[in-house]
Amino acid sequence: MEGIAGALDGTLDIVAEMLPDDPRHGTENGYNNIKCRCERCRRAHRDYQARYMRRVLEDGSLVNATVEHGSAYRYDVGCRCDACRQAHNLKSRTTKANIRARKKLETESMSDGTNQL
Ligand SMILES: [Zn+2]
Ligand SMILES: [Zn+2]
């Protein structure tokens with residue numbers, strides 16, 4: 001457990017129910033069940049999620065038979081086979097194209113049709 005220096009950097013939220021010296025701070029229990037969002041509990045939650053992700057990546061339980069290869073999701077959960085990489089590339093291309101299209105739309109609706117495009 002690293003120190004609680006993070007609690008002093010101004011990101012400390014109001015502690016809902018627990019006193020500052022409650023031993024449940026800095027635990028997944030504090031974050032999930034008591035809904036505390038102090039820096040220590042949030043860090044515990046992040047650690048927990050990181051551990052969880054590592055575990056499911058290692059045992060492959062996220063990447064089960066319900067997700068076909070060649071999906072961006074499967075790439076996201078760690079597969080780097082050709083099919084999944086391709087799907088991922090396609091998805092990020094599509095996403096970028098969508099963002100470009102939206103930007104263009106915004107630009108056009110902000111100007112009165114006299115833009116340089
Ligand atoms: Zn807390
Ligand atoms: Zn794959």
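**Contacts, core and confidence**

Analyst: Happy to! Leaving aside neighbours within four places in sequence, Met18 touches Arg24, His25, Gly30, Ile34 and Cys36. Keep in mind that this is a predicted model.

User: Where is Met18 placed, relative to α1?

Analyst: Met18 belongs to the segment before α1.

User: And why does Met18 count as partly exposed?

Analyst: Because it has 16 other C-beta atoms within 10 Å, and a residue needs 20 or more to be buried and 12 or fewer to be exposed.

User: How far is Met18 from Lys35, C-alpha to C-alpha?

Analyst: Their C-alpha atoms are separated by 9.7 Å, and the two are 17 residues apart along the chain. Lys35 sits in the loop between α1 and α2 (39-59).

User: Is Lys35 buried or exposed?

Analyst: Lys35 is exposed, because it has 11 other C-beta atoms within 10 Å. Its backbone is worth a look too: phi of Lys35 is near 60°, a positive value in a residue other than glycine. Most residues other than glycine have a negative phi.

User: Good to know. Switching topic: which residues make up the largest nonpolar core?

Analyst: That core has 5 residues: Tyr31, Cys36, Cys38, Cys41 and Ala44.

User: What does Ala44 contact beyond its neighbours within four places in sequence?

Analyst: Ala44 is in contact with Gly26, Thr27, Glu28, Gly30 and Tyr31. Overall, 12% of the 117 residues of the protein count as buried.

User: Now the overall layout. How many helices and strands are there?

Analyst: There are 4 helices and 0 strands, so defined from DSSP runs. From the N terminus the order is α-α-α-α.

User: What about α4, how long is it?

Analyst: Helix α4 covers residues 82-110, 29 residues in total, and spans 42 Å from first C-alpha to last, close to the 42 Å expected at 1.5 Å a residue. α4 is hardly covered, with a buried count of 2 among its 29 residues.

User: Which helix has the highest confidence?

Analyst: That would be α1 (residues 28-32), at a mean of 94, while the lowest is α3 (residues 72-76), at 88.

Technical notes: Residues are numbered from 1 along each chain as its sequence is written. Chains are lettered from A and ligands numbered from 1 in the order in which they are written. This is a predicted model: local features need pLDDT of at least 70, side-chain atom pairs count only at pLDDT 80 or more; totals for chains, interfaces and linings use all residues. A nonpolar core is a set of buried Ala, Val, Leu, Ile, Met, Phe, Trp, Tyr and Cys residues joined through C-beta atoms within 7 Å. Two residues are in contact if their C-beta atoms, placed from the backbone, lie within 7 Å. The expected span of a helix is 1.5 Å times one less than its number of residues. pLDDT is the predictor's confidence in each residue, from 0 to 100.
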